[in-house]
Amino acid sequence: MQLTPTSTIWMDDEFVPWDEAQVHVLTPSLHYGWGVYEGIRAYATNEGPAVFRLHDHLKRLLDSARVYLMDPGYTVDRLADSSLELLRRTGLDSGYLRPIVYLGYGAMGITPDLNSVRTTLAAWAWGSYLGEKAEQEGCRLTVSSWQRNGINTMPPLAKSTGACVNSSLAKVAALRAGYDDALMLTPTGHVAEASAANLFVIRDGVLHTPPVSDYILPGITRDTIMTLARDLGLTVEERSITRSEIYVADEAFLTGTALEVVPVASVDDRPLASAGCGPLTKQLRDAFEDVVHGRDERYRHWLTHA
Ligand code: PMP
């Protein structure tokens, strides 16, 4: 996905021109991967751009920072104000917001200098993550030979830059093998998640999704879909799922901020019964689209207007 520059980036409480938002090549987070970040979407609504679940994302950013012993020195409200100001200054009516908390230039070595915490917020336009075809006809997944980072390897609850390498290895291997994305397993063979998205499986009208204890990042889109599904009267169970259960599912779909809601067409070349976007997946995706675009009054509290 190519970046299209916008006018400005917020760095440590200052707006700087896009091209000047630079860090030193000896920035330790570049060398050792000690950093945490978020991905947040803003959507066009009838009342202008609105950020979806901004405070929840920023809270998760600060939680991730806590796990990595970093104190950026900003509250959620303060980062929210700066994010909204950034959107206004860039003039984007929809797009992607990327906060990142990392360690700045000054010390080297794998013992992090936790006094050099830096914070940046950037925003840019970002379209479909898996592409229109996958969105409409469903994505083709393969189970990766790369296991998900274990709970005692790298904390999956924290969205960290270093942990992303695990996802990237799985994603690159899947793309090279001709698939759209990878599903990653825990060491005990339970399905954790896709490279940057959570999984839902539907069987006999019930939604199943792996629990937090199965090495997932508890996605905010996952939480959104669980809420919408329950409000629609559907049953959602958080429980361990094996790969063969997905092979025989009626429907399955992925959720994530960048990816949004994408149906699963096949796993390991086994087409799912729904063969594309199944009826419940469609219902939930339509409900999600209404919510993020401000067309459903009941969930307006999830939107923050710029
Ligand atoms: N799992 C991983 C590993 C991710 O990187 C993401 C993207 N943030 C998700 C799940 C989905 O989380 P969310 O819905 O909060 O974007």
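At roughly what angle do the axes of helix 6 and helix 8 cross?

1. In this predicted model, the axes of helix 6 and helix 8, the latter spanning residues 279–292, come within 10 Å and cross at roughly 110°. Because angles of 65 to 115 degrees count as roughly perpendicular, helix 6 is described as roughly perpendicular to helix 8.

2. As for the residues that meet at this crossing, helix 6 contributes T221, T224, I225, L228 and A229, while helix 8 contributes L284, A287, F288 and V291. Sorted by class, the contact between the two helices has seven nonpolar and two polar residues, with no charged residues.

3. Turning to the ligand, 15 residues surround it, and the closest are K159, E193, I220, T221 and T257.

4. An N or O atom in the side chain of K159 is 2.9 Å from a nitrogen atom of the ligand, and a polar side-chain atom of E193 lies 2.7 Å from a ligand nitrogen. In the side chain of R60, an N or O atom is 2.9 Å from an oxygen atom of the ligand. Taken alone, the ligand exposes 380 Å², of which the protein buries 93%.

How values were computed:
Residues numbered from 1 in each chain as written. Predicted model: local features only at pLDDT ≥ 70, side-chain atom pairs only at ≥ 80, totals over all residues. Heavy atoms only, no water. Near = heavy atom within 4 Å. Polar contact = N/O pair within 3.5 Å; in protein donor to acceptor, adjacent residues only side chain to side chain. Areas by Shrake-Rupley, 256 points an atom, 1.4 Å probe, with all protein chains shown as cover. Axes fitted to C-alpha atoms, helices over the stretch in contact; angles between N-to-C directions. Helix = DSSP H or I, 4+ residues; strand = E, 2+ residues; numbered from the N terminus. Parallel < 35°, antiparallel > 145°, perpendicular 65-115°, else oblique. Contact = heavy atoms within 4.5 Å. Nonpolar A, V, L, I, M, F, W, Y, C, P; charged D, E, K, R; others polar.
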